[in-house]
Amino acid sequence: MKKILIPCDFSEISENALNYAVGIAKYFSSSLVLLHVDQIPVMNSEFGLSAYTLTDTTQNTLVSLKQLAQKIQKTEPTITDIECYSEMGNVTDVITTYCNKLNVDLTVMGISGHGSKFMKNIIGSTSVAVAKHIEMPLMIVPPKATFKKIKNIAYACEYDENLEQNSSLIQVKYLNTIFDSKLNILHVLPEAHDLDEKEAEIDDYVEHKLENATHRTFMLTENETSKALIDFVKNHEIDLLIVEPKKHNLFHKIFFPSTTNEVAFFSPVPVLTIHG
């Protein structure tokens with residue numbers, strides 16, 4: 001975990017995510033990247049907006065980021081490497097570009113409207129949108145979460161027929177190792193569902209891949225996946241929940257809730273997204 005990127009908008013939500021990221025950075029002796037993204041303003045022919053104004057805004061924000069970096073280094077002298085960048089553009093695109101360009105290992109973001117069904121259904125989350133596009137892990141930190149040693153990780157393991165071909169379990173096993181934590185594998189099954197042959201094969205594959213990792217496997221019976229995951233987290237002293245965001249077509253987005261979106265808005269602990 002060499003480099004951690006934190007998008008900063010100077011809100012309380014963002015500040016809390018930054019504090020959590022600082023805790024991780026201290027634990028792993030990581031460097032930090034502070035990134036602020038301003039949306040490109042809408043211009044019209046009557047008023048317009050000069051290029052100087054855009055440049056000036058970016059430069060002012062960069063100064064604020066550097067002041068924030070100095071503040072971090074005064075309170076946390078072990079964090080010596082902090083990069084600062086200020087850009088204007090689409091938030092998801094800019095964050096993705098910087099993650100790739102700087103070889104970031106982890107992105108840490110807060111989430112506005114946590115616990116609000118209105119925000120989830122109507123507005124959505126920038127963090128979840130970013131998580132679905134970047135390839136590297138992204139951690140979504142609830143507003144009240146404070147960093148502590150991650151002792152128990154829960155991984156929502158889907159019965160995905162492509163599981164044997166992707167890197168999901170390798171990533172989960174690696175994360176469990178570097179955090180020196182206990183791993184809980186969660187399979188969520190609909191009520192009155194019996195495992196078919198393929199699902200049983202996936203079970204065997206998961207157990208084989210994790211045979212050298214300290215872990216427990218749970219079969220959760222619940223028609224609503226997100227509810228099962230959040231209930232488990234609340235009842236088992238879980239410190240981190242790992243999920244895999246899926247890209248769905250428009251029909252699925254309209255009629256079926258995103259599990260990632262649901263847990264991001266209602267999980268009491270940070271949610272780490274990975275891509276296999």
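**Aromatic pairs**

Counting rings of Phe, Tyr and Trp whose centres lie within 6.5 Å, the total is six aromatic pairs. The model is a predicted one.

One of these pairs is formed by Phe28 and Phe179, with ring centres 5.2 Å apart. Their planes stand at 75°, so the pair is edge-to-face, because planes over 60 degrees apart fall in that class. Phe28 belongs to helix α1 (residues 12-28) and Phe179 to helix α6 (residues 168-179). The two are 151 residues apart, and the pair thus links distant parts of the chain. Phe179 has a relative accessibility of 3% and therefore counts as buried, the cut-off for buried being under 20%. The contact also belongs to a cluster: ring pairs link Tyr27, Phe28 and Phe179.

Another pair joins Tyr85 and Tyr98, with ring centres 5.0 Å apart. Tyr85 lies in strand β3 (residues 82-88), while Tyr98 lies in helix α3 (residues 91-101). The pair therefore ties together a strand and a helix through residues that are 13 residues apart in sequence.

How exposed or buried are the two partners? Tyr85 has a relative accessible area of 23%, so it is partly exposed. Tyr98, at 5% relative accessibility, counts as buried. Tyr98 has a further neighbour in Lys101, which lies over the face of the Tyr98 ring at 4.2 Å from the ring centre.

Key:
Residues are numbered from 1 along each chain as its sequence is written. This is a predicted model: local features need pLDDT of at least 70, side-chain atom pairs count only at pLDDT 80 or more; totals for chains, interfaces and linings use all residues. Side-chain values use heavy atoms; hydrogens and water are left out. Rings of Phe, Tyr and Trp (its six-membered ring) pair if their centres lie within 6.5 Å; planes under 30 degrees apart count as stacked, over 60 as edge-to-face and the rest as tilted. Helices (H or I, at least four residues) and strands (E, at least two) are DSSP runs, numbered from the N terminus. Buried means under 20% relative accessible area, exposed over 50%, partly exposed in between (1.4 Å probe, protein chains only). A charge sits over a ring if NZ of Lys or CZ of Arg is within 6 Å of the ring centre and within 35 degrees of the ring normal.
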